[in-house]
Amino acid sequence: MASSPPSKRRRKDQSKDDANDMSATSSSTLEKLSPVVVFAHGAGAPSSSDWMIRWKDMLGKALHAVEVVTFDYPYISGGKRRAPPKAEKLVDFHADVVGKAVAKYPGHPLILAGKSMGSRVSCMVACKEGIRASAILCLGYPLKGINGAVRDEILLQLSVPIMLVQGSKDALCPLEKLEVTRKKMKCPSGLHVIDGGDHSFKIGKKHLQTTGLTQDEAEDLALQALASFLSGSLGER
């Protein structure tokens with residue numbers, strides 16, 4: 001007789017067990033290496049936003065980072081609220097921040113991380129001459145532009161390992177289009193999907209009830225996936 005599908009509680013407990021296993025495996029590697037993470041904000045909110053502060057703290061703990069460096073692009077610094085320029089125009093400023101972080105922590109692996117637009121600019125920075133990033137972490141990569149076109153050019157240029165965390169309901173990154181892009185990429189890539197998550201990973205109440213997870217638990221699984229990917233990538237270098 002066929003077995004019955006697992007209950008919500010059993011699925012929830014299994015997810016927790018899997019996360020604990022990944023955490024135990026990756027933690028020792030990251031503790032020894034203590035990477036420096038340069039974490040770039042998205043287009044509409046500065047590094048002082050609640051989302052950025054929260055994820056800065058969570059990334060620091062999950063990745064055992066010596067520091068998670070955040071900053072504001074010039075167009076939004078000092079309380080400004082101007083429209084962001086094209087991503088390409090932010091690369092040099094971003095690269096200068098990276099250079100200072102590397103100089104402050106010589107010998108520590110460099111991880112470029114970003115929220116939405118910040119993740120796209122991080123990829124551009126990783127392709128600059130003289131930038132030696134060990135990995136890129138993208139939180140809500142904006143694969144689809146305002147006009148609907150797929151913006152995959154920079155992803156196809158990458159040689160650095162990249163890990164993406166995407167909400168399954170993120171309109172800026174249809175998962176089927178992302179999968180097509182990943183198959184064309186030459187660098188190692190990983191993907192963790194937050195089921196029911198939007199562009200900022202927010203999950204609706206009804207969806208949370210269906211999965212049996214809380215918002216915090218769903219995000220913790222993403223953090224464990226990031227740590228596991230990073231541990232494997234740094235361990236191979």
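**Strand 3 and its surroundings**

Strand 3 and strand 4 (residues 135–139) are paired in the parallel sense over 5 bridges; strands pair if DSSP finds at least two bridges between them. This is a predicted model, in which local features need pLDDT of at least 70, side-chain atom pairs count only at pLDDT 80 or more, and totals for chains, interfaces and linings use all residues. Residues are numbered from 1 along each chain as its sequence is written, and side-chain values use heavy atoms, with hydrogens and water left out. Helices (H or I, at least four residues) and strands (E, at least two) are DSSP runs, numbered from the N terminus.

Strand 3, helix 4 (residues 117–126) and strand 4 together make a right-handed β-α-β unit; right-handed means that, with the strands pointing away from the viewer, the path from the first strand over the helix to the second runs clockwise.

In a regular strand the side chains alternate between the two faces of the sheet. For strand 3 (residues 110–115), 6 of its 6 residues are buried, that is, under 20% relative accessible area with a 1.4 Å probe, protein chains only. Leu-110, Leu-112 and Gly-114 are buried on one side, and Ile-111, Ala-113 and Lys-115 on the other.

The aromatic residues come next. Rings of Phe, Tyr and Trp (its six-membered ring) pair if their centres lie within 6.5 Å; planes under 30 degrees apart count as stacked, over 60 as edge-to-face and the rest as tilted. By this rule there are 6 aromatic pairs. One of them, Trp-55 with Phe-201, is edge-to-face, at 5.6 Å centre to centre and 65 degrees between the planes. This pair links distant parts of the chain, 146 residues apart: Trp-55 lies in helix 2 (residues 50–63), and Phe-201 in the loop between strand 6 (189–194) and helix 7 (205–211). Both Trp-55 and Phe-201 are buried. The pair of Tyr-73 and Tyr-75 is stacked, because the ring centres are 6.4 Å apart and the planes are at 15 degrees. Tyr-73 is buried, with a relative accessible area of 0%, and Tyr-75 is buried with 5%. Phe-71, Tyr-73, Tyr-75 and Phe-93 form one aromatic cluster.

Terms used: Buried < 20%, exposed > 50% of the residue type's maximum accessible area, 1.4 Å probe, protein only.
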